[in-house]
Amino acid sequence: ESDVAAHPEDARARRDLAQAYLDARSPGLAVRAIESSPDAVRHQAIIDHVYARALIDEGRSADALVAEERVLAICSSDEEAPSPSYEHDCQTWLLVSATRRADILKELVALGVEDAQAHPEASAVAYANATREARLAIQ
């Protein structure tokens with residue numbers, strides 16, 4: 001918290017604080033930490049990715065999907081320049097993680113599930129639907 005207070009434009013510190021709140025099972029604090037970010041920080045892919053996780057933990061799947069779709073849009077944009085406070089904003093792991101999470105969230109939203117933890121059976125179906133793999137064999 002002191003790092004964020006001292007350096008409000010530091011995306012890495014903001015991300016670390018939000019992640020610490022999530023690790024402590026306090027998604028509301030993570031959401032607040034992100035929503036109170038300056039615009040220069042708030043609209044970075046890594047911040048939106050953590051924000052999506054916090055929204056999921058709060059039982060807000062549709063809002064989390066919107067946040068993850070912003071991550072994918074930012075990372076696919078040729079115009080994004082790396083932030084001075086957080087280089088390599090769109091690393092491969094972030095793109096892969098955001099893509100997978102967005103796929104699962106799309107299934108949750110399609111099934112009408114806002115709170116995945118409150119509906120574990122529907123969540124399992126959404127997860128299975130989103131992570132199916134098809135394999136082709138050439139003969």
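Predicted model: local features only at pLDDT ≥ 70, side-chain atom pairs only at ≥ 80, totals over all residues.
**Aromatic rings.** Residues are numbered from 1 along each chain as its sequence is written, and side-chain values use heavy atoms, with hydrogens and water left out.

**Charge over a ring.** I then checked Tyr 51 and noted the charged end of Arg 42 over its ring, 4.2 Å from the centre. The criterion is NZ of Lys or CZ of Arg within 6 Å of the ring centre and within 35 degrees of the ring normal.

**Chain overview.** I counted eight helices and zero strands in the chain; these are DSSP runs numbered from the N terminus, with helices as H or I of at least four residues and strands as E of at least two. The C-alpha trace spans about 55 × 40 × 20 Å along its principal axes. Of the 139 residues, 38% are buried, meaning under 20% relative accessible area, with exposed over 50% and partly exposed in between (1.4 Å probe, protein chains only).

**H3 and H5.** I looked up helix H3 (residues 27–35) and helix H5 (residues 45–57), whose axes come within 8 Å and cross at roughly 145°. Axes are lines fitted to C-alpha atoms, for helices over the stretch in contact, with angles from 0 to 180 degrees between N-to-C directions. On the H3 side I listed Pro 27, Ala 30, Val 31, Ile 34 and Glu 35, which meet Ile 47, Val 50, Tyr 51, Ala 54, Leu 55 and Asp 57 in H5; contact means heavy atoms within 4.5 Å.

**Leu 65.** Which helix holds Leu 65? I found Leu 65 in helix H6 (residues 61–76). Leu 65 counts as buried because its relative accessibility is 10%. Leaving out residues up to four places away in sequence, Leu 65 touches Ala 102, Leu 105, Lys 106 and Val 109.

**Ala 116.** Is Ala 116 buried or exposed? I recorded Ala 116 as buried, at 18% relative accessible area, in the loop between helix H7 (92–110) and helix H8 (120–130). Ala 116 touches Ser 61, Leu 108 and Ser 123, again not counting residues up to four places away in sequence. Ala 116 and Glu 58 lie 58 residues apart in sequence and 9.4 Å apart in space, C-alpha to C-alpha.
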